[in-house]
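Let's take a walk through this protein chain and see which side chains meet up. Keep the sequence and the 3D view handy as you read.

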Amino acid sequence: INESPFNAVAIDAKIQHNSTANISGMLNKVSGMRIRETGGVGSDMQIRMDGFSGKHVKVFIDGVPQDGVGQSFGINNIPANYAERVEVYKGVVPVEFGTDAIGGVINIVTKKGSSKKWDLDASYSYGSFNTHKSYFNFGHTLDNGFTYEINAFQNYSDNNYKVDTPVKEFLPDGGSSTNKSKIERVKRFHDTYHNENVSAKAGFVNKPWTDRLLFGIKYSQSHQDIQTGVRQEVVFGAKYRTGQSIMPSLEYQKRNLFTKGLDITLTTNYNNNNVENVDTATYEYNWRGEKRPLRSGAAGEQSYMHLKSVSDNWNGTFSARYRIHNIHRFTFNHIYNSFTRSNKSLLVAGSNYDPIPKETIKNVSGLSYQIMPNEKWNASLFGKYYNQYVSGPMARTSTMDDFVKVTKSTNSTGYGAAGTYFILPSLQAKLSYEKVYRLPTNNEMFGDEDLESGDIAIKPKSSNNFNVNLSFDKSMGQHAIYLEGGLVYRDIKDYIQRNITGLSGGKYGAAFVNHGKVLTKGYTLTARYNLSNILSIGGNFTNINIRDNVATTLTGAPSNTYKARMPNVPYLFANGDIAYYKHNLGAKGNTLTVSYDNFFVKKFPLRSEVLGSAGKSYVPTQFSHNASISYSMKEGKYNLSVECINLTDAKLYDNFSLQKAGRAVY
């Protein structure tokens, strides 16, 4: 991965297998990346990579896109034990993934069980806020090539950590008031989350007619109490969401099919995802957990509902790779995705699903040519074709009681090139460019049927992406040094932005809009030093400026926000870590590991930095520290660890005013 012409890095997940880390925690340590969460365990999450966020960055598991898999299989819920490694492609994405990602790709590579012996891996952790996490994996490959594997994991947390916020006072006359200058420290009281997931695969490996032929099935379920809206000042006491998902799958791989050098991969899956949003309470709550009946016998803290949403997702991936003398390689990839969502209100018995379902069909094709004449350099040229069909309801009246079916189709073509050259055996340069499109996601067009509203007319986002990367990797006896620097340039049109919208009654929602032009420039720095297997120390620094690039408004007048920083986007952040290993402590094969890491984020404007009064709001500068100690016995067969997250109990924020957890021990 590191020697490819793309700006990519492979993270070894095995070093995190003896911790409570999840995939998102590992990614937070990659230069240019921030995982932004709205709260504790199970909360909504956004991936930010080199200035791009949300669905601009696509997630794959073993090369299979994770569109529509549900919240349970979000990267902030998947334990590190689930993966063997995690591949991160920043900016320009190879056609092997056949996706419309505009910011990058995260590919979670799971263990490919081929051991002739059965193996078992299990872990359990308990910690602050009544948090329980467990993981189980069992697999076996028989002499005849038959293999099977079972994975299961669960997360549970009360998420009852304390936050600092103004509190709404209930007045005797039925009214209310909030003194925003008076901050109280209160405990979250309605934020329990749990999810359970199990997946199984069975089939054949290493046979003359197949390298891998596996049939699989995944089942997941989740429950999420919803404590706040999109702003922390809005608090709920009874609103919740549940979900269930079942996904059968098929995976086929064969190298040298029909002729030497032709490799084929085919994957397909169907995902049925059921979500219920329930908001039927007849009380309103404040942050102390006090409640009173809603006025005039009303119901619903945000919007009176008990809505069932049923989504059907079909995904298919076909990839063919042909090698000629190990110098030339041609790759074709095609991804097909079909999505249908229908809603039904459960408030009235016997109600039917919406007469007009919400539907999308997406096809993305890619073709590339790569030349690898020697170990000193290689280069790739590629093109991509994007097609999307969208169908859904649009209101014809302001009262939202009459809908008509509308459709639209989008076709786009992208292209790019990437190359790498080893200036010295230990000094590598990379350069890549891509003209790329990112098609609107289902949530951006249709909303989440609760706190986010969609816009079926939202346009695809396009970008000219440039990446320049220089790395130095040198081992000298017991010493190893790795240095890396990267430059990032993105010229973006029709930027898709998530905005907070005010609703009646002091409530808030979120909506997606196109912002004409955005220009992103920045750089990343990484450094690491290893002393044999005794000491590891390193860190990275990111400075990504995302600026409004709209010079004039639609009326032709100069734009007040031209060249201003885009709001609510962190632009300068860094992290560092150090680990010390003491081997053969207590007995041969036992290892004590003591580690420390930190995260720094410079304050950034909550809203436009050039509009409004002098006392504008900022998300404050944040500096958090984590520490852990673990003891591994019998060459890692048994492991115990204790971790402290946010050691100094710093106030941490990722999104608007939503405060994250303080000090926690696991």
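T526 has its place in strand 31, which covers residues 507-531. This is a predicted model, so keep that in mind for everything below. Is T526 buried or exposed? Its relative accessible area is 19%, and the cut-off for buried is under 20%, so T526 counts as buried.

Which residues does T526 touch, once we ignore its neighbours within four places in sequence? They are S31, Y482, L483, E484, G539 and N540. Take Y482 from that list: Y482 and T526 are 44 residues apart along the chain, yet their C-alpha atoms are separated by 7.8 Å.

## Nonpolar cores

In soluble globular proteins, nonpolar side chains tend to be buried together. Here, the largest nonpolar core has 26 residues. The ones with the most contacts inside this core are I23, L27, M33, V86, I106 and I108. Helix 1 (23-27) gives two or more residues to the core, and so do strand 2 (33-37), strand 3 (45-49), strand 5 (57-61), strand 7 (85-90) and strand 8 (104-109).

Leaving out residues up to four places away in sequence, I106 touches L27, M33, I47, M49, V57, K58, V59, F60, V86 and E87. Another core, of 13 residues, lies apart from the largest one, and its members include A8, Y89, V92 and A101.

## Aromatic rings that pair up

How many aromatic pairs does a search of the whole structure find? It finds 17. In one of them, the rings of F129 and Y161 have their centres 5.8 Å apart. Their planes are at 65°, so this pair is edge-to-face. The two residues come from distant parts of the chain, 32 residues apart: F129 is in the loop between strand 9 (119-127) and strand 10 (131-141), while Y161 is in the loop between strand 11 (146-157) and strand 12 (162-165). Both F129 and Y161 are buried.

Now look at F138 and Y148, whose ring centres are 5.9 Å apart. Their planes make an angle of 45°, so this pair is tilted. F138 sits in strand 10 and Y148 in strand 11, ten residues apart. F138 is partly exposed, with a relative accessible area of 22%, and Y148 is partly exposed too, at 26%. These two also belong to a cluster: ring pairs link F138, F146, Y148, F204 and W209.

## Charges over rings

R565 lies over the face of Y571, 3.6 Å from the ring centre. Likewise, the charged end of K603 sits over the ring of Y618, at 4.6 Å from its centre.

## Salt bridges

Side chains of opposite charge can pair when their charged atoms come close. A search of the whole structure turns up 27 salt bridges. One of them joins R288 and E169, with 2.7 Å from N to O. R288 lies in the loop between strand 20 (283-285) and strand 21 (291-293), and E169 lies in strand 13 (residues 168-170), so the pair ties together parts that are 119 residues apart in sequence. R288 is partly exposed, with a relative accessible area of 34%, and E169 is partly exposed at 29%.

K180 forms a salt bridge with E233, and their closest N and O atoms are 3.9 Å apart. These partners are 53 residues apart: K180 is in the loop between strand 14 (176-178) and strand 15 (184-187), and E233 is in the loop between strand 17 (210-225) and strand 18 (240-254). K180 counts as exposed, at 58% relative accessibility, whereas E233 counts as partly exposed, at 35%.

Finally, find E251 and R212. They form a salt bridge whose closest N and O atoms are 3.1 Å apart. E251 is in strand 18 and R212 in strand 17, 39 residues apart. Are these two buried or exposed? Both E251 and R212 are buried. They are also part of a network of salt bridges that links D62, K201, R212 and E251.

Conventions
Residues numbered from 1 in each chain as written. Predicted model: local features only at pLDDT ≥ 70, side-chain atom pairs only at ≥ 80, totals over all residues. Heavy atoms only, no water. Phe/Tyr/Trp six-rings, centres within 6.5 Å; stacked < 30°, edge-to-face > 60°. Helix = DSSP H or I, 4+ residues; strand = E, 2+ residues; numbered from the N terminus. Buried < 20%, exposed > 50% of the residue type's maximum accessible area, 1.4 Å probe, protein only. Lys NZ or Arg CZ within 6 Å of the ring centre and 35° of its normal. Contact = heavy atoms within 4.5 Å. Core = buried A, V, L, I, M, F, W, Y, C linked by side-chain atoms within 4.5 Å. Salt bridge = Lys/Arg side-chain N within 4 Å of Asp/Glu carboxyl O.
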